[in-house]
Amino acid sequence: MGKQLEVKSLTVGFRSGREVHNAVSNVTYYLNRGETLCIVGESGCGKSVSVSSILRLLPESSTVISGEILFGGIDLLQAEEKTLDQIRGDKISMIFQEPMTSLNPSMTIGRQLIESVNAHERVPKEKALDLCKRMLTEVGIHDAERCMNAYPHEFSGGMRQRVMIAMAMICKPEILIADEPTTALDVTVQAQILSLMRKLKNEYGTSIIFITHDMGVVAEMADDVIVMYAGEIVEKSSVTELFTNPKHPYTKGLLASLPHIGEKQNRLYSIEGTVPSLANMPAGCRFKQRCKEKCDACNVHPDLYKSGEGYVRCVLYSRGDDL
Ligand SMILES: Nc1ncnc2c1ncn2[C@@H]1O[C@H](COP(=O)(O)OP(=O)(O)OP(=O)(O)O)[C@@H](O)[C@H]1O
Ligand SMILES: [Mg+2]
């Protein structure tokens, strides 16, 4: 196994007038070789910003305030653009929530796939074509020949997402970053895409960082899980530990809001209140306004405490007790 990618104390801010608000604060995690790490949390908590930093695909208005992202002995945050270009798509590739933002509407799927193949090594045309068709078949597209000649708009959302996965996997990357790749799809298609990603992981040994806000997806995909809240990691643990012994009150809330099979679903639990805005972050624990277990000690910003095999940012665990 071993660590394949390490993100250390990453802090990313956005400029807003003269101020800078941190969207991601002091985030540290690592990805083990051949494993799937899920990052989960409500909209706006910093999931995309924290993974877009890996390939330096952050929005213009952002600024990396501190941190290191180590991959193969280099810090991706400091690496030259040339080095990063060699890593993008070849060693680390990324799939996004909405495939149309990353597919070129005016180019056939075949041409786009061939460009991805050739971006890193020149392959004879016949061989490249063959590789593309095989990859399309691999992602469950039956008529690969026809697909190669089609344009993105000729496909449904699920098919486009398959094409995106084919494009991301064609260079057999060591790491695949998938930012909510199934959120826009209906449930059956979502299940197919998830099983496809598991298959690729098992066959190619690809390590995966998978972002979702759906705990059901976490249960299916993850080896390890990071729970984020308001730009911070609030809990880190193995998937089994997270589901059997969730610690942070926010994680408990997320799990309570999961529907259970056989239960009436008209009374789905949801966590009351909303995430504080970046410009107005409360001092102390960022979850305290919404927390059922808050106490005076929550006015001090909690560290990430070790608890059992995992970590939790909650004062209830400050003594290392497994409460
Ligand atoms: N382009 C931007 N300009 C200004 N602020 C931004 C921008 N993108 C993100 N942010 C800020 O960073 C925070 C984190 O955004 P991010 O996209 O990482 O959230 P997320 O967890 O991926 O949410 P979602 O589940 O909706 O995709 C947001 O709450 C927002 O305040
Ligand atoms: Mg996002």
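Helix α3 (residues 109–118) is largely enclosed by the rest of the structure, because seven of its ten residues are buried. The model is a predicted one. The domain assignment of the protein chain gives domain 1, made of 3–91 and 175–260, and domain 2, which covers 99–172. A ligand, ligand 1, is surrounded by 14 residues.

**Helix α3 and its surroundings**

- The buried residues of α3 are I109, G110, Q112, L113, I114, S116 and V117.
- These buried residues pack against three helices: α4 (125–138), α5 (144–148) and α6 (157–169).

**Domains and their contact**

- The centres of domain 1 and domain 2, taken over C-alpha atoms, are 25 Å apart.
- Contact between the domains involves twelve residues of domain 1 and 13 residues of domain 2.
- On the side of domain 1 that touches domain 2, helix α7 (residues 187–204) gives the most, with six residues.
- By class, that side of domain 1 has nine nonpolar residues, two polar ones and one charged one.

- Strand β8 (residues 207–212) is mostly covered, with six of its six residues buried.
- S207, I209 and I211 point one way from β8, while I208, F210 and T212 point the other way.
- Strand β3 (residues 36–40) runs parallel to β8 and is joined to β8 by five bridges; I39 is the residue opposite I211 of β8.
- Strand β7 (residues 175–179) also pairs with β8 in the parallel sense, over five bridges; here I177 stands opposite I209.
- Between β7 and β8 the chain passes through α7, and this β-α-β crossover is right-handed.

**The antiparallel sheet**

- Four strands form an open sheet with antiparallel pairing, in the order β2-β1-β4-β5.
- β2 (19–32) and β5 (74–75) stand at the edges with a single partner strand each, so one side of each has no neighbour in the sheet.
- Strand β1 (residues 3–16) pairs with β2 over ten bridges in the antiparallel sense.
- Within this pairing, V12 has V24 of β2 as its bridge partner.

**Surroundings of ligand 1**

- Among the 14 residues around ligand 1, the closest are A23, S43, G44, S48 and V49.
- Helix α1 (residues 47–52) supplies the largest share of this shell, three residues.
- The shell is made up of six nonpolar residues, seven polar residues and one charged residue.

Key
Residues are numbered from 1 along each chain as its sequence is written. Chains are lettered from A and ligands numbered from 1 in the order in which they are written. This is a predicted model: local features need pLDDT of at least 70, side-chain atom pairs count only at pLDDT 80 or more; totals for chains, interfaces and linings use all residues. Two strands pair if DSSP finds at least two bridges between them. Helices (H or I, at least four residues) and strands (E, at least two) are DSSP runs, numbered from the N terminus. Domain bounds come from an automatic or database domain assignment. Two residues are in contact if their C-beta atoms, placed from the backbone, lie within 7 Å. Ala, Val, Leu, Ile, Met, Phe, Trp, Tyr, Cys and Pro count as nonpolar, Asp, Glu, Lys and Arg as charged, and the others, Gly among them, as polar. A residue is near a molecule or strand if its C-beta atom, placed from the backbone, lies within 6 Å of it. A residue is buried if 20 or more other C-beta atoms lie within 10 Å of its own, exposed if 12 or fewer, and partly exposed in between; C-beta atoms are placed from the backbone. A crossover is right-handed if, with the strands pointing away from the viewer, the path from the first strand over the helix to the second runs clockwise.
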